[in-house]
Amino acid sequence: MPIFNILCSILNMKSQKVVILDNIRSVYNVGSIFRTSDALGINKIYLCGCTPTPKDRFGRERQDLAKVALGAEKDIEWEYVKETKDIIKTLKKEKYQIIAVEQAKNSINYKEVKTKYPTVLIMGNEVGGIEKEILKLADIVAEIPMNGNKESLNVSVSFGIAGYEIFR
């Protein structure tokens, strides 16, 4: 393999930006995250657990997701993985930095994250968030500070806020 191709491969790996959606229930949130991922230049999205995929169980395109994603579901590589922890462990072996966006005792302000590529950003369930077992696998837990009375934001909104800062 020519040295140029090897260098291009190494540089491509170093700039990899991956998203894991852990048990996101809403097809509309998933569609919105696909659209925002396109704007962020995300390379791949792993859809885990009960997270809806761009195709239904019969292999047909989901029109509800496509309506929100505006075609981004066709432009971004995606893969369904049943167990979130399995893909995280695989990506850790490949030297990805794992960043979970969640409120936790050990979380830091998302603006203080020092991103190292290749990077994975994990977003969790709209109600329960990211399970503790998954958080333990993360290198960093990043939190968006809440200043009002509500404890959290919509997951697709949180993804947009955190994604633009972490992948800047």
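**Entry 1: the model.** I am working from a predicted model, and I keep that in mind for everything below.

**Entry 2: the largest pocket.** I looked up the largest pocket and found a volume of about 540 Å³. Its lining is made of 25 residues, of which V101, E102, Q103, G129 and I130 are the closest to the centre. I then asked which elements give two or more residues to this lining, and these turned out to be α6 (132-135) and α7 (155-166). Sorted by class, the lining of the largest pocket holds 10 nonpolar, eight polar and seven charged residues.

**Entry 3: D22.** I next turned to D22, which I located in strand β1, a strand that covers residues 17-22. I noted that D22 is buried yet has no salt bridge, and that the nearest side chain of opposite charge, that of K85, is 10 Å away. The side chain of D22 does have a polar contact of 3.1 Å with the side chain of N23.

**Entry 4: salt bridges.** Side chains of opposite charge can pair when their charged atoms come close. I searched the whole structure for such pairs and the search gave 10 salt bridges, some of which I followed up one by one.

The side chains of E126 and R25 form a salt bridge, with an N to O distance of 3.7 Å. Because E126 sits in the loop between β6 (119-123) and α6, while R25 sits in the loop between β1 and α2 (27-40), this pair ties together parts that are 101 residues apart in sequence. I recorded E126 as partly exposed, since its relative accessible area is 24%.

R60 and D56 form another salt bridge, in which the closest N and O atoms are 2.8 Å apart. R60 is partly exposed, with a relative accessible area of 49%, and D56 also counts as partly exposed, at 22% relative accessibility.

For K74 and E61, also joined by a salt bridge, I found the closest N and O atoms to be 3.6 Å apart. This pair links distant parts of the chain, 13 residues apart, with K74 in helix α4 (residues 72-75) and E61 in the loop between β2 (44-48) and α3 (63-69).

**Entry 5: a network.** Finally, I noted that K44, E77 and E79 are linked to one another in a network of salt bridges.

Technical notes
Residues are numbered from 1 along each chain as its sequence is written. This is a predicted model: local features need pLDDT of at least 70, side-chain atom pairs count only at pLDDT 80 or more; totals for chains, interfaces and linings use all residues. Side-chain values use heavy atoms; hydrogens and water are left out. On a 1 Å grid over the protein atoms alone, a cavity is a set of points where a 1.4 Å probe fits but cannot get out, and a pocket is an open set with protein on both sides within 12 Å along at least five of seven lines; lining residues have an atom within 4 Å of a point. Grid points are joined across faces, edges and corners, and a volume is the space filled by probe spheres set on the points. Helices (H or I, at least four residues) and strands (E, at least two) are DSSP runs, numbered from the N terminus. Ala, Val, Leu, Ile, Met, Phe, Trp, Tyr, Cys and Pro count as nonpolar, Asp, Glu, Lys and Arg as charged, and the others, Gly among them, as polar. Buried means under 20% relative accessible area, exposed over 50%, partly exposed in between (1.4 Å probe, protein chains only). Lys and Arg count as positive and Asp and Glu as negative; His and the chain ends are not counted. A salt bridge is a side-chain nitrogen of Lys or Arg within 4 Å of a carboxyl oxygen of Asp or Glu. A polar contact is a pair of N or O atoms within 3.5 Å; within protein, one must be able to donate a hydrogen and the other to accept it, and residues adjacent in sequence count only if both atoms are side-chain atoms.
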